[in-house]
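Hi everyone, thanks for coming. I'd like to walk you through a few local details, so please have the viewer open.

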Amino acid sequence: MGDFMKQAVLIMVDTQRQDMLSCYDGDAARTPALDALARESMQFINGYTCQPVCGPARSAIFTGLYPHSNGMVANSMQLGANTKTAGEWLSPHGITCGYVGKWHLDGGDYFGYGKCPAGYHPSYWYDMRNFLEELSEEQRRKSRVPMACRDDDPREEDTYAHRCADRAIRFLEEFQEEDFFLTLSLDEPHEPSVCPRRFVEALKKQKFKFHRTPNVKYRVKNSPAHHQVWAKEHSGSSFTSLRKLLQKGMLACNLFCDYEIGRVLNKIQELGLEPLILYTADHGDLFLSHGMIGKGCAMFHEVTRVPFLIKGGGFAPGRNTTPVSHIDLLPTLMTYFGVKIPKMLHGAPLQNIGQNERRDIFMEFTRYEVDHDGFMGFQPIRCIFDGRYKLVINLLTEDELYDLQEDPYELENRILDRRYAKLRNELHERLIQWMNETRDVFRGYHWHCRPWRPDVKPSFRHTGYTRQLEEEDFTQLDYSTGLPMQGATRKK
């Protein structure tokens, strides 16, 4: 590959806690392909999703905007009409953009509409609806039967993961001598976790400690009311039975994902390519941590902290504890390709991040789904994490503060602890500032006037920030004057 060539590959999976990879947790089942990638990558220990729900998490990755700004605050919603994705930002610069796998950003059902969006090469577009349309009616039904509930041996070539990997390999072969950005987005190991049975058997042979951390089934001291409701939903769940289900399904399929990703990584090596490679997952899963299962309206690290690897492009191999976020991925890609980062994007290029910095990252939740009222419906949450302290504002219930240095499993909510009051309030002010700067559509004085902040009073104008945002190709006009807006983040 010539020195002038710029190529990048983003690989991601659905529902993978950070400790599901053995490069992060030595007690996990072996994931050799990703372990090998990690040895050559900058391995971020504090890599986080922007929202622990599939669609909103992906919306932040591919738009560089938080869900509250890009329009996708829940599953089964679509991006705002004026919101550009990575393909639209990069393709005008002669970068061929291929997207293979789960998209979940078009507002359709879980499987999508099967239509290639602007900016991506239509010959390689292959979302989950495209996959299902290749199958007979009976094969479709069978493809949705959870692995833990079946006794057959699914063929590798019949799985979505394998067909996605095949297309990614063909893309690499076709565009190996051009600038490109390829995304391989697996739906696995998310249920139904379908995989060849040999991966179920392989998992049985591996001696590994299941993810049974000290917070399993443990209720947080001063737990928010909505967490108590969630935990009650699973109060009868047996950890032993959950372990068996996961071992036959998600954890076995996790090994299958590693295998399929290994096929793509091997092709990159075989072709002699040296692209920037990024690896992550959209979110994790609680697996009965704090008595809860799944993902949604919680900010515990089991569901928000994800694998985050970057190889090449000047990123030196090694472990890095600086907090980083999915919001930083698009600016990182744009910097790598030499594309100007528009002012409107919320993240920062990780090329500028030091090895072990104290840095604020932000997470949010609004609701899980718009098509039904499950998962407790509307539960607005905003969160700030600086690498040690995590402040969570649960607008409708009680707030949370955790000191992850002293309490790595988030067992004690210190929101009312006077020893942390000054620090808590400083985090709170930075969180409110972020909501203003990103024009969080749900912001208002309720986020600021919390029971533990008697110094903050309700106000009609609240902080007084203006509505306008600075954009590259559109100058907003000031409401008061009708003239071009200046200083878009000023207070009135």
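First, the ground rules. This is a predicted model, in which local features need pLDDT of at least 70, side-chain atom pairs count only at pLDDT 80 or more, and totals for chains, interfaces and linings use all residues. Residues are numbered from 1 along each chain as its sequence is written, and side-chain values use heavy atoms, with hydrogens and water left out.

Let's start with Thr159. You'll find Thr159 in the loop between α6 (137-143) and α7 (160-174); helices here are DSSP runs of H or I with at least four residues, strands are runs of E with at least two, and both are numbered from the N terminus. Is Thr159 buried or exposed? Its relative accessible area is 3%, so Thr159 is buried. The scale is this: buried is under 20% relative accessible area, exposed is over 50%, and partly exposed is in between, using a 1.4 Å probe and protein chains only. A polar atom of the Thr159 side chain lies 2.7 Å from the backbone oxygen of Glu156. Setting aside neighbours within four places in sequence, Thr159 is in contact (heavy atoms within 4.5 Å) with Phe131, Val194 and Phe256.

Now the sheet. It is an open sheet of 4 strands in the order β10-β11-β12-β13, with antiparallel pairing; two strands pair if DSSP finds at least two bridges between them. At the edges sit β10 (361-365) and β13 (400-403), each pairing on one side only. Inside the sheet, β11 (residues 381-385) and β12 (residues 389-394) are joined by 5 bridges.

Finally, the backbone. As a reminder, most residues other than glycine have a negative phi, and most peptide bonds are trans. Where are the cis bonds? One joins Glu188 and Pro189, with omega about 0°, and Pro189 is in strand β5 (residues 180-189). Another joins Glu191 and Pro192, with omega about 15°; Pro192 is in the loop between β5 and α8 (197-205).

As for positive phi, Met376 has a value of about 70° without being a glycine. Met376 is in the loop between β10 and β11, and counts as partly exposed because its relative accessibility is 27%. Arg439, also not a glycine, has a phi near 55°. Arg439 lies in the loop between α14 (421-437) and α15 (445-448), and its relative accessibility is 8%, so Arg439 counts as buried.

Methods. A polar contact is a pair of N or O atoms within 3.5 Å; within protein, one must be able to donate a hydrogen and the other to accept it, and residues adjacent in sequence count only if both atoms are side-chain atoms.
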